[in-house]
Amino acid sequence: MLTIALPKGALLKDSIRSLKAVGLDFSGFLDSNNRQLQMLDESGRARGLLVRALDVPVYVEYGQAQLGIVGYDVLREKHPNVAQVADLGFGGCRLSVAVKASSPYRSPLDLPIHGRVASKFVTCARDYFRSLDLPVEIVPLYGSVELGPITGMSEAIVDLVSTGRTLKENGLIEIEVLFESTARLVAHPLSYRLNHDGLEEIVDRLRSRCNPVGVS
């Protein structure tokens with residue numbers, strides 16, 4: 001039976017909508033009274049696993065799920081051994097450097113040497129500043145990252161931005177975009193090559209529906 005890892009949070013509703021359009025219905029996960037972490041599609045053809053977004057590629061990499069849906073930001077941060085097979089086109093956002101609007105910094109290169117940058121995307125932030133040859137301290141934060149500059153703990157943050165409203169309401173501005181992110185369909189590499197449980201058909205139908213950018 002095909003198993004699909006679905007992400008809790010912002011991508012869940014559109015993930016379920018996309019799968020339903022190709023004949024796999026996991027709408028029960030949207031029921032506020034439902035506490036199930038796994039369920040069968042109504043047709044009995046597939047099983048859905050409801051997991052944290054960061055865990056989606058882990059379940060796929062280790063073969064507990066043959067397919068998963070996860071943001072490109074997670075893939076860039078975690079570098080899992082999975083096949084990216086489609087850009088599903090929803091969940092658009094960007095990973096950006098932001099600072100206090102009142103600060104003198106208007107470019108990442110304006111930040112002080114050995115300054116602090118707060119982020120939950122530690123790998124992405126570290127790789128980016130290394131590419132600039134700018135030594136900074138990456139401060140791992142997993143809650144309200146915006147508080148870093150507000151409290152003076154950091155000069156900047158690296159965080160996901162969608163509308164920019166949260167930054168604006170907290171007196172922050174973007175000064176650089178590292179990359180754009182959307183929801184990606186990922187597959188267990190061996191399962192995809194062997195087309196286990198009709199996996200290739202599902203992938204092709206999702207691709208044709210979403211006008212994806214093919215990735216590998």
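Predicted model: local features only at pLDDT ≥ 70, side-chain atom pairs only at ≥ 80, totals over all residues.
A salt bridge is a side-chain nitrogen of Lys or Arg within 4 Å of a carboxyl oxygen of Asp or Glu.

The general principle is simple: side chains of opposite charge can pair when their charged atoms come close. Over the whole structure, 8 salt bridges are found, and two further examples may be described here.

One of them joins the side chains of Asp14 and Arg17, with an N to O distance of 2.2 Å. Both residues belong to helix α1 (residues 12–21), where a spacing of 3 residues places them about one helical turn apart. Asp14 is partly exposed, with a relative accessible area of 26%, and Arg17 is also partly exposed, at 41%.

The other example is found in helix α8 (residues 199–210), where Asp204 and Arg207 are 3 residues apart, so that about one helical turn separates them. Their side chains meet in a salt bridge at 3.7 Å, N to O; this distance counts because the cut-off is 4 Å. Asp204 has a relative accessible area of 35% and is partly exposed. Arg207, with 25%, is partly exposed as well.

From charged pairs the account turns to a nonpolar part of the surface. Val58, Tyr59 and Tyr62 together make a nonpolar surface patch of about 320 Å². Val58 is located in helix α2 (residues 56–61). With a relative accessible area of 39%, Val58 is partly exposed; Val58 can therefore belong to a patch, since patch residues must have over 30% relative accessible area.

Of the 26 residues in its lining, Ala53, Asp73, Val74, Phe121 and Leu160 are the closest to the centre of the pocket. Two elements, α3 (72–78) and α4 (122–131), each give two or more residues to this lining. Helix α3 supplies the largest share, 5 residues. In terms of residue class, the lining of the largest pocket comprises 13 nonpolar, 6 polar and 7 charged residues.

Key:
Residues numbered from 1 in each chain as written. Heavy atoms only, no water. Patch = residues over 30% accessible without salt bridge, like charges linked within 9 Å, V, L, I, M, F, W, Y side chains within 5 Å. Areas by Shrake-Rupley, 256 points an atom, 1.4 Å probe, with all protein chains shown as cover. Helix = DSSP H or I, 4+ residues; strand = E, 2+ residues; numbered from the N terminus. Buried < 20%, exposed > 50% of the residue type's maximum accessible area, 1.4 Å probe, protein only. 1 Å grid on protein atoms, 1.4 Å probe; cavity = no way out; pocket = protein on both sides within 12 Å on 5 of 7 lines; lining within 4 Å. Nonpolar A, V, L, I, M, F, W, Y, C, P; charged D, E, K, R; others polar.
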